[in-house]
Amino acid sequence: FPHPGTETNPPPGGSNAYAPRGNDGDLGRALHLLESSGSQRVREGCGDPFRNGASSFLAGRDSVREYLEECAHLSLETEVENDDGAAARFLRFATHLVLYVDTVLPEYCGGLALPSEMEGGAEEGAALALRELLLLKYISYLSSRRDLWSHVALYSSLLSSRQSILETYSSFLVGVYGDGERRMALERARDLFPRGLDGDILKNV
């Protein structure tokens, strides 16, 4: 995290290991930083629903975990229409936020899990990969939008295993009938997927 207040300073072990340090969990100080920011855009936008996200990263520690898991829970539970409505925009936000955290703090992101009360949530301490679940839902949304088909390969390439990529992209290709669109989809797969996987996908469909 490049900005002051969002550095990481992992304590020795515990649930906060690798968590963003922020303001050591001081939410009041974090909110004050937003409201007194030198940026007019930040000051005016701190009442936005995504203010919770900014303040959680500034507060640091468990606030970040709670915010990420809450966003994922809401995104995965909400039905997304085949348009660019609020649910789709929030799903896009949550997916990219978790991808960002996974890039800079992979150990921390790997410990995120769905609440146990949610169907498919963590059971007996087993943490589900929120990154994977969000990616799969976002790919499903992209697949439902013909105008966004060109992005499906990119997000499929971010899935955690070759098998996941194979199954997900094969399912997508089944619904792609136009010769030009299918050619585009296969070219994107050839460019972005592990070597030879595009051939396996073709065999699978």
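Student: Of the 205 residues of the protein chain, what percentage count as buried?

Tutor: This is a predicted model, in which local features need pLDDT of at least 70 and side-chain atom pairs count only at pLDDT 80 or more, while totals for chains, interfaces and linings use all residues. Residues are numbered from 1 along each chain as its sequence is written, and side-chain values use heavy atoms, with hydrogens and water left out. Buried means under 20% relative accessible area, exposed over 50%, and partly exposed in between, with a 1.4 Å probe and protein chains only. By that criterion, the buried share of the 205 residues is 39%.

Student: How many helices and how many strands does the protein chain have?

Tutor: Helices (H or I, at least four residues) and strands (E, at least two) are taken as DSSP runs and numbered from the N terminus. Read along the sequence, the pattern is α-α-α-α-α-α-α-α-α-α-α. The count for the protein chain is therefore eleven helices and zero strands.

Student: Is Cys71 of H4 buried or exposed?

Tutor: The buried residues of H4 include Val64, Tyr67, Leu68, Cys71 and Leu76. Because its relative accessible area is 6%, Cys71 counts as buried.

Student: How many disulfides does the structure hold?

Tutor: A disulfide is a pair of cysteine sulfur atoms within 2.5 Å. Cys109 is buried, with a relative accessible area of 5%, and Cys71 is buried as well, at 6%. The number of disulfides in the structure is zero.

Student: Which residues does Tyr169 touch, not counting residues up to four places away in sequence?

Tutor: Tyr169 lies in helix H9, residues 162-174, and counts as buried because its relative accessibility is 1%. Tyr155 is 14 residues apart from Tyr169 in sequence and 10.0 Å apart in space, C-alpha to C-alpha. With contact meaning heavy atoms within 4.5 Å, and with residues up to four places away in sequence not counted, Tyr169 touches Val152, Ala153, Ser156, Ala185, Arg188, Ala189, Phe193 and Ile201.

Student: Is Val205 buried or partly exposed?

Tutor: Val205 is placed in the segment after helix H11 (197-204). Because its relative accessibility is 40%, Val205 counts as partly exposed.
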